[in-house]
Amino acid sequence: MRQALLIAAVDPSVGGVLVFGDRGTGKSTAIRGLAALLPPMRAVAGCPYACDPARPGDLCHRCRDHAGGLETHIVPVPVVDLPLGATEDRVVGALDLERALTQGQKAFEPGLLARANRGFLYIDEVNLLDDHLVDLLLDVAASGVNTVEREGLSIRHPARFVLVGSGNPEEGELRPQLLDRFGLAVEVTTPTDLPTRIDVVRRRDAYERDPAAFRAAYAEADRAIRDTLTQARAHLPSLTVPDATLEAAARLCLALGTDGLRGELTLMRTARALAALEGAETIGLDHLARIAPASLRHRLRRNPLDESGSTARVTRAVAEVLAP
Ligand SMILES: [Zn+2]
């Protein structure tokens, strides 16, 4: 799960991250903890979408009108929580009723998608969210633009974010059509070894007793991860995917019978981001093998003749296809 989140932080184009697993395994804690690890970003001051001054093509209307004289500042990367009960208005934004009633103006009140621009949008229990809303979120995440047409409003604003959803599969499944639109899917299970369990409990207790001291104790480790992310982002554009790696990715998807080509695309982007994180000079079969389960396990069709789990099927295909 940590690796998947870091990969998405290096290259948001890998698509969203789906985290499925047991309750009480720290899924939400890990995602919220990500906020402190992300290198801060430069944004247009006063813009509700925190537009990126370095990408003129992605500016909102207001920033485009003032291009040239934009004031900027450094802000943290947003990690926005989307609560389960959130209405569509709250998510996409809506007519600012107060201004409409008191001043007779049609103004747009930005929603959670506006706040999540250039960051992460997190939904706990994504499997319990209305399918229609999940669909909408995946659409916006893929296009990077939120379009609102209602109550006489017509607004388009930048909304580039990584969608992170977590859930417990015992409480409901996501439709297969939605599953396959997440870039990565990871499984979190309750640790079964004694030292890990004791370590988790001890750290949790230490945090609750003195949050400030706990943060201070990990500040150096946090900074190391932040530096790694910064270096990986700088390194990413110089990495090219060798033909042999692309061919192996395609063979893997063929062997598993994944629908469409999203599997290969995700494998390629994810392997590249992993290589960047590790400071590797090239993308090898080893990178591919390591990220294949997270990239492919949610794209498999049910095979009535093969009752083994999807992770086991991917692992087996990796062993067969990538064998030296
Ligand atoms: Zn703007």
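Helix H12 spans residues 262–277 of the predicted model; helices here are DSSP runs of H or I of at least four residues, strands are runs of E of at least two, and both are numbered from the N terminus. The 16 residues of H12 reach 22 Å from the first C-alpha to the last, close to the 22 Å expected at 1.5 Å a residue (1.5 Å times one less than the number of residues). Residues are numbered from 1 along each chain as its sequence is written. In this predicted model, local features need pLDDT of at least 70 and side-chain atom pairs count only at pLDDT 80 or more, whereas totals for chains, interfaces and linings use all residues.

Twelve of the 16 residues of H12 are buried, so the helix is largely enclosed by the rest of the structure. A residue is buried if 20 or more other C-beta atoms, placed from the backbone, lie within 10 Å of its own. Among the buried residues of H12 are Gly263, Arg269, Arg272 and Leu277. The packing partners of these buried residues are strand S11 (184–188) and helices H1 (2–10), H10 (211–235), H11 (243–256) and H13 (285–296). Glycine 279, with a positive phi near 70°, follows H12.

An automatic or database assignment divides the protein chain into domain 1 (2–40 + 76–190), domain 2 (195–236) and domain 3 (239–321). The C-alpha centres of domains 1 and 3 are 25 Å apart. Contacts (C-beta atoms, placed from the backbone, within 7 Å) join 17 residues of domain 1 to 15 residues of domain 3. On the domain 1 side, H1 and S11 are the elements that give two or more residues. The residues on that side comprise eleven nonpolar, three polar and three charged, where Ala, Val, Leu, Ile, Met, Phe, Trp, Tyr, Cys and Pro count as nonpolar, Asp, Glu, Lys and Arg as charged, and the others, Gly among them, as polar.

Note on methods:
Two residues are in contact if their C-beta atoms, placed from the backbone, lie within 7 Å.
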